[in-house]
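Hi,

Here is the structure I said I'd send over. Have a look at it first, and then read on for my notes.

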Amino acid sequence: MSCPEMGQAYSAMTSDMGQKLSGYLHSLQTRFGDPRVYAMQQREMQKQEAAVVHSKASRTSDLLKEAYDKKVLKHRETHRERLSKPRGRRAVAVSPESTAPNH
């Protein structure tokens, strides 16, 4: 075989193999989808999931802060009321022994 014949055979074989691989790739994409598109969809779903988790966490944080602030205000008000009430001296019971003179 001469070189031009080998070149033609190589070209034919390469072209045939390329067509077969292209057909195989097309059948895989038809059956399973394009991996690049799948990866892009996965990234988009992960972004959406992260946004949902962040939103939920921030709402929970806001609710907890609001509840904490309400409790603090309630405790301050209760404390203020206790301090504003007049407190009289308690009558201390005097035992008869303490009033007796010490001899």
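Is K70 buried or exposed? K70 is exposed, at a relative accessible area of 53%, which puts it over the 50% cut-off. Keep in mind that this is a predicted model.

First, the overall picture. You'll find three helices and zero strands in the protein, so the pattern along the sequence reads α-α-α. Of the 103 residues, 0% are buried.

Now the charged pairs. Searching the whole structure turns up five salt bridges, and here are some of them.

K70 has a partner in E66: their closest N and O atoms sit 3.6 Å apart. Both residues belong to helix α2, which covers residues 35-84, and they are four residues apart, or about one turn of the helix. E66 is partly exposed, with 43% relative accessibility.

Helix α2 also holds E77 and R80, three residues apart, again about one turn of the helix. Their side chains form a salt bridge with an N to O distance of 2.8 Å. E77 counts as partly exposed because its relative accessible area is 35%, between the 20% and 50% limits.

Then there is R36, whose side chain meets that of D34 in a salt bridge at 3.2 Å, N to O. R36 is exposed, with a relative accessibility of 62%.

Cheers

Terms used
Residues are numbered from 1 along each chain as its sequence is written. This is a predicted model: local features need pLDDT of at least 70, side-chain atom pairs count only at pLDDT 80 or more; totals for chains, interfaces and linings use all residues. Side-chain values use heavy atoms; hydrogens and water are left out. Helices (H or I, at least four residues) and strands (E, at least two) are DSSP runs, numbered from the N terminus. Buried means under 20% relative accessible area, exposed over 50%, partly exposed in between (1.4 Å probe, protein chains only). A salt bridge is a side-chain nitrogen of Lys or Arg within 4 Å of a carboxyl oxygen of Asp or Glu.
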